[in-house]
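Visitor: I would like to learn how to read a structure like this one, feature by feature. Please show it to me, and then I will ask.

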Amino acid sequence: MQITVLGAGSMGHGIAQVSAMAGHDVVLRDVEEAFVEDGLEGVRDNLQGGVDRDKVTETEMEETLARIQGTTDLEAAVEDADLVVEAVPEDMDLKQEVFADVEAAADEETVIASNTSSLSVTEMASALDRPERAIGLHFFNPPHIMDLVEIVVAERTDDRTESFAVDYVRDLEKEAVVVRDTAGFASSRLGVATGLEAIRMVEEGVASPADIDEAMKIGYGYPMGPLELTDHVGLDVRLHIAEHLREELGERFKPPQMLRRKVRAGTLGKKSGEGFYVWKDGERVGMSGDWGERNE
């Protein structure tokens, strides 16, 4: 099966990687060659990390990389695709534009999916002549490590598209949960609520980011604490999602002032080198602010 991923950022290249590791031919497309190269380099780095930890063999790494090609040509990227997954920024107008462009260039049987974490797939699909082939495939960050994929069934998604999506996720050896297209779906709605409350606790001096995260990891079995996850997702992304959920679901999703201040200051998490933690070469090396003087 041929998979096309639009957007070579952390989510896009991660989706490309897991699709290629499952044996699919993958095209990774972005609007600039530099973005494509950065995405391909991200896949190489992820795989090399797997090799270093004895999770991936050298042969698996080479075969995976051989299945992925990069391009900036949208029409060439989607013309033979069985599935197109967009992983562009969380902007409805942009996503609708991408959906329409894909439909114009792809085969009429191609399934068109969005990796959105909170926006309405039904609204995106309204840009299509055949909205029944649209679906949400919400991968979790980082896609090559996280096992869950949330399948979001839009208002006019047909049974064939839903079944196709479930089979694809299972083929990746990931766990699929199927949800109805509502604000925040299931995972973002619950995850953002937990993350916002954790930020309020830091803001109020209840505990350090590391201690809050450890409490959730040890006490509740979280693989990653809500504040570290916020750093991985990006504080700007989390703020954007929270504001969307506040508009749709009410004041319980009002973003804390600490989150707004950090975004204004450009401390956006792992990608900027500092969020609730300090990051160096992709590794967590300490806590930010006053907490940084304390041991983790």
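Visitor: Which residues does Leu137 touch, not counting residues up to four places away in sequence?

Guide: Bear in mind that this is a predicted model. In soluble globular proteins, nonpolar side chains tend to be buried together. Here, Leu137 touches Leu83, Val85, Ala113, Ser114, Asn115, Val149, Glu150, Ile151, Ala165, Tyr168 and Val169, with residues up to four places away in sequence not counted. Leu137 is also among the residues with the most contacts inside the largest nonpolar core, together with Leu83, Phe139 and Tyr168. That core has 33 residues. A second, separate core of 23 residues includes Leu259, Phe276, Trp279 and Met287.

Visitor: In what order do the strands of the open sheet run?

Guide: The order is E3-E2-E1-E4-E5-E6-E7-E8, eight strands with mixed pairing. Strands E3 (68-71) and E8 (175-180) stand at the edges; each has a single partner strand, so one side of each is left without a neighbour in the sheet. On average, neighbouring strands of this sheet are turned by 25 degrees against each other, direction ignored.

Visitor: Which strands does helix H7 lie across?

Guide: Helix H7 (residues 159-171) lies across E1, E4, E5, E6, E7 and E8, and runs at about 25 degrees to E6. Helix H2 (residues 33-52) lies across E2 and E3, running at about 160 degrees to E3.

Visitor: Where is Val179 found, and is it buried or exposed?

Guide: Val179 is found in strand E8. It is buried, with a relative accessible area of 15%. Leaving aside neighbours within four places in sequence, Val179 is in contact with Glu150, Ile151, Val152, Val153, Phe185 and Ala186. The C-alpha atoms of Val179 and Gly136 are separated by 9.4 Å, and the two residues are 43 residues apart along the chain.

Visitor: Now a loop residue. Is Pro143 buried or exposed?

Guide: Pro143, in the loop between E6 and E7, counts as buried at 1% relative accessibility. Leaving aside neighbours within four places in sequence, its contacts are Ser10, Met11, Gly14, Ile15, Val18 and Lys174. Pro143 and Met11 are 132 residues apart in sequence and 6.7 Å apart in space, C-alpha to C-alpha.

Visitor: How do I describe two packed helices, and at what angle do H8 and H12 pack?

Guide: Two packed helices are described by the angle between their axes and the distance between the axes. Helix H8 (residues 187-203) and helix H12 (residues 257-265) pack at an angle of about 90 degrees, and their axes are 8 Å apart. That makes H8 roughly perpendicular to H12. On the H8 side the contact is made by Leu196, Ile199, Val202 and Glu203, which meet Gln257, Met258, Leu259 and Arg261 in H12. The residues of this contact divide into five nonpolar, one polar and two charged.

Visitor: Why is helix H10 described as largely enclosed by the rest of the structure?

Guide: Six of the eight residues of H10 (residues 226-233) are buried, so H10 is largely enclosed by the rest of the structure. The buried residues are Pro226, Leu227, Glu228, Thr230, Asp231 and His232. What covers them includes H8, helix H9 (209-220), helix H11 (235-249), strand E9 (277-280) and strand E10 (283-287). After H10 comes Gly234, whose phi is positive, near 110 degrees.

Visitor: Which residues is His244 in contact with, leaving aside its neighbours within four places in sequence?

Guide: His244 is in contact with Ser118 and Leu119, once its neighbours within four places in sequence are left aside. His244 is found in helix H11 and counts as buried, at 17% relative accessibility.

Definitions and conventions
Residues are numbered from 1 along each chain as its sequence is written. This is a predicted model: local features need pLDDT of at least 70, side-chain atom pairs count only at pLDDT 80 or more; totals for chains, interfaces and linings use all residues. Side-chain values use heavy atoms; hydrogens and water are left out. Axes are lines fitted to C-alpha atoms, for helices over the stretch in contact, and angles run from 0 to 180 degrees between N-to-C directions. Helices (H or I, at least four residues) and strands (E, at least two) are DSSP runs, numbered from the N terminus. Angles under 35 degrees count as roughly parallel, over 145 as roughly antiparallel, 65 to 115 as roughly perpendicular and the rest as oblique. Contact means heavy atoms within 4.5 Å. Ala, Val, Leu, Ile, Met, Phe, Trp, Tyr, Cys and Pro count as nonpolar, Asp, Glu, Lys and Arg as charged, and the others, Gly among them, as polar. A nonpolar core is a set of buried Ala, Val, Leu, Ile, Met, Phe, Trp, Tyr and Cys residues joined through side-chain atoms within 4.5 Å. Buried means under 20% relative accessible area, exposed over 50%, partly exposed in between (1.4 Å probe, protein chains only). Two strands pair if DSSP finds at least two bridges between them.
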